[in-house]
Amino acid sequence: MPTTKDFGARAHRLARERGPLCAGIDPHGSQLLNWGLDDDLEGAERFVLTLTEAVADQCAFVKPQSAFFERFGSGGVALLERVIAECRKAGALVILDVKRGDIGSTMAAYAQAYLDPASPLAVDAITVSPYLGTGSLQPAFDLASAHGKGVFVLARTSNPEGKQIQMAKRRDGRSVAQGVIDEVNLQNGDAEPMGSFGIVMGATIGACAAEGDARLRESTYGITHTTVSQRDSAHDLSQFNGPILVPGMGAQGGRPSDLPRVLGAAANFAIPSYSRQIAQPGPATASIRTAVEGLQEECRAAMGE
Ligand SMILES: O=C(O)c1cc(=O)[nH]c(=O)n1[C@@H]1O[C@H](COP(=O)(O)O)[C@@H](O)[C@H]1O
């Protein structure tokens, strides 16, 4: 039974209060150099703590990318723990981008590492990969449900290489990505105002199915491959009842106007995510905050809020 303490309900409420934007915290070597910092643990610490101070009380969501911390070994992981704690203290929901995915028994350990409130790396939600089978992610869905956490499953990623596997057709005529979207949505049921199980849809991908196409897809499931393959890049989000993380904004070319293009009416569930673009006006925190405010407004307007 969903409650107001669940990730979906908290995300819905905070996005309305602070805006839909997710601030990526990626201590990328080139970003550190842009700020006049060395690409080492000390530089990374200055970079992420400045960004955290600038965005964590202003944005509903922050998304540290784990690999950019892990590259500094145990010191980097300790820094990640600190950033998670600071962001949560400032009221932001932390989505840890770890893109985990493994056989079920190992997936249970990954889930424990990030979704069990007793873990030092506990966050509000994580990103996971369904390419060992969406069913292999069930331990993460179960632990998230038990503790009011969220899970974002990669469906259509922002990189051009993703299309080959994600748009491959299943025997029932749906794309692999559409199968993931539909399977994740089963976890959400009719939760109000939305479920806690999200998907990742890159801002750089093709447009969603038009309404007519979506209806056609329902009536043609499994009947003819030709009909389905004509709508090569189409996906149908009309039934999706969870948050939709949209990376690929800014540095990868995605724009606020891509939100309705890629998500259709589901754009009001969007969490547009920027990493490099947010750091770009730094290191002055005031400049970062002003830029974030502008992006929040642009995204809100594009989402029709
Ligand atoms: O799961 C993600 O966050 C993600 C999925 C995806 O399809 N594409 C994608 O770029 N990301 C992540 O989003 C961030 C994008 O960074 P920028 O291109 O600098 O905004 C990186 O941390 C990526 O790992």
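Reply: What follows is a conversation about helix packing, the core, the ligand shell and some backbone details of this predicted model.

Me: Let's start with helices. How do α6 and α7 cross, and at what angle?

Reply: The axes of α6, which covers residues 104–115, and α7, which covers residues 138–147, come within 7 Å and cross at roughly 30°, and the crossing is right-handed.

Me: Which residues make that contact?

Reply: From α6 the contact takes Gly 104, Met 107, Ala 108, Tyr 110, Ala 111, Gln 112 and Leu 115, while α7 contributes Gln 138, Pro 139, Ala 140, Leu 143, Ala 144 and His 147. Sorted by class, the contact has nine nonpolar and four polar residues, with no charged residues.

Me: And which residues of α7 are buried?

Reply: Those are Pro 139, Ala 140, Phe 141 and Ala 144, and the buried residues of α7 pack against α6, β4 (125–128), β5 (150–156), α9 (176–188) and β6 (197–201). Following α7 comes Gly 148, which has a positive phi near 65°.

Me: Now the core. Which members of the largest nonpolar core touch the most others?

Reply: That core has 85 residues, and the ones touching the most other members are Cys 59, Val 62 and Val 153. The helix α3, residues 41–55, gives the most to this core, with six residues.

Me: What does Cys 59 touch, leaving out its sequence neighbours?

Reply: Once residues up to four places away in sequence are set aside, Cys 59 touches Arg 18, Leu 21, Cys 22, Ala 23, Ala 92 and Val 292.

Me: Switching to the ligand: how many residues surround it, and which are closest?

Reply: The ligand is surrounded by 19 residues, of which the closest are Thr 157, Ser 158, Pro 247, Ser 275 and Arg 276. By class, the shell is made of four nonpolar, 11 polar and four charged residues, and the strands β3 (93–100) and β8 (270–274) each supply at least two residues to the shell.

Me: Since you mention β3, what is the phi of Lys 99?

Reply: Lys 99 lies in strand β3, and its phi is positive, about 45°, although the residue is not a glycine. As background, most residues other than glycine have a negative phi, and most peptide bonds are trans.

Me: Why is Lys 99 classed as partly exposed?

Reply: Lys 99 counts as partly exposed because 17 other C-beta atoms lie within 10 Å, whereas a buried residue would need 20 or more and an exposed one 12 or fewer.

Me: Last one: is Gly 73 buried or exposed?

Reply: Gly 73, located in helix α5 (residues 73–89), counts as exposed because it has 10 C-beta neighbours inside 10 Å.

Methods
Residues numbered from 1 in each chain as written. Predicted model: local features only at pLDDT ≥ 70, side-chain atom pairs only at ≥ 80, totals over all residues. Axes fitted to C-alpha atoms, helices over the stretch in contact; angles between N-to-C directions. Helix = DSSP H or I, 4+ residues; strand = E, 2+ residues; numbered from the N terminus. Left-handed = near helix turned anticlockwise from the far one by under 90°. Contact = placed C-beta atoms within 7 Å. Nonpolar A, V, L, I, M, F, W, Y, C, P; charged D, E, K, R; others polar. Core = buried A, V, L, I, M, F, W, Y, C linked by C-beta atoms within 7 Å. Near = placed C-beta within 6 Å.
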